[in-house]
Amino acid sequence: MLNAQESTITTAASAACWACSAQLEAAALFCAQCGKIQPPSGGNFFAVFELVPRLNLDLGMLEHQFHRLSRKLHPDRFARASAEEKEWSLAQSSLLNDAYRTLKDPLARTYYLLKLNGAEIGEEFAGRNRPENEMGTSRVPADLLEEVFELNMQLEEMRMGRKMGEVDEQLQSDLKQAEKKFLGLEDEVDEKLHAEWTNWDEAAESGDETARDAAQKSMIALLDRRRYLSNLVRDVTETLGE
Ligand SMILES: [Zn+2]
C-alpha cells in the first residue's frame, strides 16, 4: 500500500523526459526509456537511489546504487554531450554525493527523513519556547540539571586553573569521568533511537499516521537530548585539551 507521504513525493517530482517525453520516475537522474541525463528535479534523497524512505535502510543497496549511478555520471561519459547535459551531469553528481553522505550516516538520515516529514528539528529550532537556565544554556534535560550545573562549575574551574598554569589532577579525573558518563548516555539515546526507527518504518509501511507521528515525536525529543549531550562532551573534551 502506498502511503500518503510517498504518493505526495511521487506526484511532486514526476515529469517527462526532455528528450523522448517518456514519463520519469520521481527524482530520476536518467530516463528509463532513452537513457538521457535529466535536469535535477528537486526530488528527495531516497528517490535518487530508488529507495523507499526508511530509517532501517539497506546500506548494501545504497552503496551499490551509489556506485552504479556514480559510474553513469562519470564526466568521461559526457565528453561529447551538449553543454546543458554536461551541466546537469555535474549537478546530479553533486546531488548524488550529498544524498549518499546524508543517507549512509544514521543520525543525518534520521534528521533528513524527519525534516522531509515536516518536523522542526535541529539547531535552528533548539531552545524555541523553552526556558533558559542560569548558565544561559537552553533545554537542559530535567534529569541532568544538577549534573550539568556541577559540570559547568568544574569546567570553569579547570579553565581558570589553566590560565594560571595549574592543573588540578582531581578535577581532571572528575571531568574525564563525567565525559565517560555523558558518552554512555549518548549510547543509550542511540539505542532508543534505533527502536523508534523500527516503529516509524512499520507505521509508514502500514499507513498508520498516528503511530508514525508518535515515533516522530519521540525521535525529535531523543535527537534534542543527543545534541545536548554531544555539546556537553565537546565542552569537556575541549577543556581537557584532548
Ligand atoms: Zn527519454
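Where in the protein chain is the place of G43? G43 lies in the loop between α1 (4-13) and α2 (45-48). The model is a predicted one, in which local features need pLDDT of at least 70, side-chain atom pairs count only at pLDDT 80 or more, and totals for chains, interfaces and linings use all residues. Residues are numbered from 1 along each chain as its sequence is written.

The secondary structure of the protein chain comes to 8 helices and 0 strands, where helices (H or I, at least four residues) and strands (E, at least two) are DSSP runs numbered from the N terminus. Buried residues account for 22% of the 242 residues in the protein chain; a residue is buried if 20 or more other C-beta atoms lie within 10 Å of its own, exposed if 12 or fewer, and partly exposed in between, with C-beta atoms placed from the backbone. G43 is itself buried, with 22 other C-beta atoms within 10 Å.

Helix α3 (residues 59-72) has 14 residues and spans 20 Å from its first C-alpha to its last, close to the 20 Å expected at 1.5 Å a residue. The expected span is 1.5 Å times one less than the number of residues. Of the 14 residues of α3, the number buried is 1, so this helix lies largely in the open.

Helix α3 packs with helix α4 (residues 83-104) at an angle of about 170 degrees, their axes being 11 Å apart. Axes are lines fitted to C-alpha atoms, for helices over the stretch in contact, and angles run from 0 to 180 degrees between N-to-C directions. The two helices are therefore roughly antiparallel, a term for angles over 145 degrees. On the α3 side, L59, L62, F66, L69 and S70 meet L96, Y100, L103 and K104 in α4; two residues are in contact if their C-beta atoms, placed from the backbone, lie within 7 Å. The residues of this contact divide into 7 nonpolar, 1 polar and 1 charged (Ala, Val, Leu, Ile, Met, Phe, Trp, Tyr, Cys and Pro count as nonpolar, Asp, Glu, Lys and Arg as charged, and the others, Gly among them, as polar).

Helix α7 (residues 169-206) has 38 residues and reaches 56 Å from its first C-alpha to its last, close to the 56 Å expected. Its buried residues, including F182, W197 and W200, pack against α6 (145-163) and α8 (209-240). After α7 comes G207, whose phi is positive, near 75 degrees.

Methods: Parallel < 35°, antiparallel > 145°, perpendicular 65-115°, else oblique.
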